[in-house]
Amino acid sequence: MSDLLQRLRGRGWRMTAQRRVVAEVLAGEHVHLTADEVLAQAALRLPEISRATVYNTLGELVLLGEVIEVATDGRAKRYDPNAHRPHQHLVCSGCGAIRDVHPVGDPLTDLPPSERYGFTVSAAEVTYRGWCPECVAA
Ligand SMILES: [Zn+2]
Ligand SMILES: [Zn+2]
């Protein structure tokens with residue numbers, strides 16, 4: 001069972017076959033799928049699943065804080081089930097591959113007070129860009 005599915009069971013999330021399939025697709029490490037990719041994979045397991053259900057379920061999982069929305073410039077939003085371990089993203093400029101990374105130090109505390117303009121800062125997103133080994137080799 002995926003971590004996400006386990007967490008959702010734990011919090012008593014109303015489980016239907018369609019919602020379960022969406023949660024099952026969002027399993028594993030370094031998972032950052034667009035809504036359409038979630039739909040395509042979910043449909044392999046449950047052909048009758050509807051686009052609306054997939055989109056609604058993703059929205060609900062984001063509201064619950066169990067899935068994070070990742071915006072990668074210009075490309076479609078991605079959904080990341082690694083919602084409970086703070087991490088940043090390493091993105092390939094060639095193929096768009098995304099890895100979860102854990103920089104040494106906390107980007108949130110790295111911002112000095114003089115650069116906060118009085119804001120109460122609650123989150124930081126850092127995107128590291130470069131070329132993955134496959135794209136370098138190609
Ligand atoms: Zn690449
Ligand atoms: Zn991630």
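**Figure 1. Helix α2 crossing helix α3.** The axes of helix α2 (residues 17–25) and helix α3 (residues 35–45) come within 9 Å of each other and cross at roughly 120°, which makes α2 oblique to α3. Angles under 35 degrees count as roughly parallel, over 145 as roughly antiparallel, 65 to 115 as roughly perpendicular and the rest as oblique; the axes themselves are lines fitted to C-alpha atoms, for helices over the stretch in contact, with angles running from 0 to 180 degrees between N-to-C directions. The crossing of α2 and α3 is right-handed, a term used where the near helix is turned clockwise from the far one by less than a right angle, with left-handed for anticlockwise. V21, V22 and V25 of α2 meet V38, Q41, A42 and R45 of α3, two residues being in contact if their C-beta atoms, placed from the backbone, lie within 7 Å. Sorted by class, this contact of α2 with α3 has 5 nonpolar, 1 polar and 1 charged residues, where Ala, Val, Leu, Ile, Met, Phe, Trp, Tyr, Cys and Pro count as nonpolar, Asp, Glu, Lys and Arg as charged, and the others, Gly among them, as polar. The model shown is predicted, so that local features need pLDDT of at least 70 and side-chain atom pairs count only at pLDDT 80 or more, while totals for chains, interfaces and linings use all residues. Residues are numbered from 1 along each chain as its sequence is written, and chains are lettered from A and ligands numbered from 1 in the order in which they are written.

**Figure 2. Helix α2 crossing helix α4.** The axes of α2 and helix α4 (residues 51–63) come within 10 Å and cross at roughly 65°, and this crossing is likewise right-handed. Q18, R19 and V22 of α2 make the contact with T53, V54, T57 and L58 of α4. By class, the contact of α2 with α4 has 3 nonpolar, 3 polar and 1 charged residues.

**Figure 3. The surroundings of C132.** C132 is found in the loop between β6 (127–130) and α6 (133–137), helices (H or I, at least four residues) and strands (E, at least two) being DSSP runs numbered from the N terminus. With 18 C-beta neighbours inside 10 Å, C132 counts as partly exposed; a residue is buried if 20 or more other C-beta atoms lie within 10 Å of its own, exposed if 12 or fewer, and partly exposed in between. Leaving aside neighbours within four places in sequence, C132 is in contact with C92, G94, C95 and A97.

**Figure 4. Two loop residues with positive phi.** H30, in the loop between α2 and β1 (33–34), has a positive phi of about 55° although it is not a glycine, and it is partly exposed, with 14 other C-beta atoms within 10 Å. Y117, in the loop between α5 (107–110) and β6, has a positive phi of about 50° and is not a glycine either; with 7 C-beta neighbours inside 10 Å, Y117 counts as exposed.

Figure 5. The protein chain is divided into domain 1 (3–80) and domain 2 (88–137), with bounds that come from an automatic or database domain assignment. Taken over C-alpha atoms, the centres of domain 1 and domain 2 are separated by 23 Å, and 5 residues of domain 1 are in contact with 6 residues of domain 2. The side of domain 1 that touches domain 2 has, by class, 1 nonpolar, 3 polar and 1 charged residues.
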